[in-house]
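Colleague: Could you take me through some charged residues in this one?
Modeller: Gladly, go ahead and ask.
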Amino acid sequence: MGKLKNLIQYTPVRQAFFNLLSGNTIVFLGQLILLYVILQIYSKEALSQYTLFVAISYLTTKLINFRLIDGLVREPNMDVAIQYTKHIFTLTIIMTAICSIVYWLLIAAGIDFQLFYGEDQLLLFIIFVGYILISSLNQLFSTFLLKQDQTKQLSIAKIVKVLSQLILTIALVKMFSFGLIMALLGGTLLEMIFYCIWTSLPSLSWSRLSEAIDMIKANRDILIYTLPISIIISIHDNIIVQSIEYYYGAGALAIFAVADRILRIPGQIIGGAANMTLFKYGSDTYHKSPKTYYQQFRRGIGRMTVFFIVAAILCMVLAQPVFTYILNPEWVASSDLLIKYAWWIVLISLIAILRGVPVMLKQQKAYFFIEVMMVVVLGLSLWFAGDTLDFTKFLEVKFGIELVFYSLMIVSIYLLVKSKRNQSNNLA
């Protein structure tokens, strides 16, 4: 036990992973309690509105920061990383203003995204703009903390967010019809305050646009591949939730949203911590010894696969009794989806770990085309399914397509790492 403790405390990579994993675990418990509270005191319509808000916001934040925060992490020079942070801050402000104007013009043209409508349209739009700005800045500040090895502080801020969101979710239930969205905004704002306290930047002065453009050129592979991949992933999620809302209504979307949220939990806890740790420290190992990196990669993925299989089995076993005896009975339909699609945990959790590998190796091209193909096939298939099939068959189409493409992604990334190892051996 003492040896294990020493390994965790004195190995930077393991310490970082332990900090992130511990934080994610507490966040997970908070999210479980939050989910329980939501299912007990909020309507399916409120959860459906919240799901749409999160999906649209997630897509927009990717457009705002251009995913250039990935370039900040892999930049070895800390002085350059600080300059990158200032440039990204400038771009975040500019792009938030541009995106806000574009969205408002679309709303004025009659496109309400099934969210910005009714007497609360203007208030919801203001909340949306505030949230995407704060969320984008949080991504920047949290990435800079990771760059500085402040993983403990990073985890604390995330814990503060989920706990404050939980409190606000309960407090605002009678005050707003969109209390869930207000609670999310409040928790995200408090998270940003903690980031600002801990982020030891000399200043966040306004950068010249020419300097920001030079940064973009230095990380052009992110702009060409990583940003489009991120946007495609967001479009993927939006296609699903928008299609379910359009074809089957808010009730069906709420049932799906609960199951989807639970299925993603193992990937968010373990996969998120592993991805952040490996993205930062994996490149160091790779540059020193591709052979060592390949061995660690293969061993780590094998262990994670076993863990996620166990998580999927537990999901199948516990879903029915938990929803029957603990949660509100009207959500039992979600447990049926958990039992039927528990295997999805393995795929989406592994993808959560592996998505950063092509970026780290600057070899995103093959993975990019697989993502594009999946979204195109998924969009066309769900359009056909929504017009001709019931909700059960619709989900079978959705999960079936993802099974094929996620499996292909996992295999392609493994072969990419193996190929880079072989190239290094040949050069040696």
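Colleague: Is Arg-208 buried or exposed?
Modeller: Arg-208 is exposed, its relative accessible area being 58%, where exposed means over 50%, buried under 20% and partly exposed in between, with a 1.4 Å probe and protein chains only. This is a predicted model, in which local features need pLDDT of at least 70 and side-chain atom pairs count only at pLDDT 80 or more, while totals for chains, interfaces and linings use all residues. Residues are numbered from 1 along each chain as its sequence is written, and side-chain values use heavy atoms, with hydrogens and water left out.
Colleague: Which residue does Arg-208 form a salt bridge with?
Modeller: Its partner is Glu-211, with the closest N and O atoms 3.3 Å apart; a salt bridge here is a side-chain nitrogen of Lys or Arg within 4 Å of a carboxyl oxygen of Asp or Glu. Glu-211 counts as partly exposed at 28% relative accessibility.
Colleague: And what about Arg-264, which residue does it pair with?
Modeller: Arg-264 forms a salt bridge with Asp-237, the closest N and O atoms being 3.5 Å apart. Arg-264 lies in the loop between helix H11 (250-263) and helix H12 (265-288), and Asp-237 in helix H10 (residues 220-248), so the pair ties together parts 27 residues apart in sequence; helices are DSSP runs (H or I, at least four residues), numbered from the N terminus.

Definitions and conventions
Helix = DSSP H or I, 4+ residues; strand = E, 2+ residues; numbered from the N terminus.
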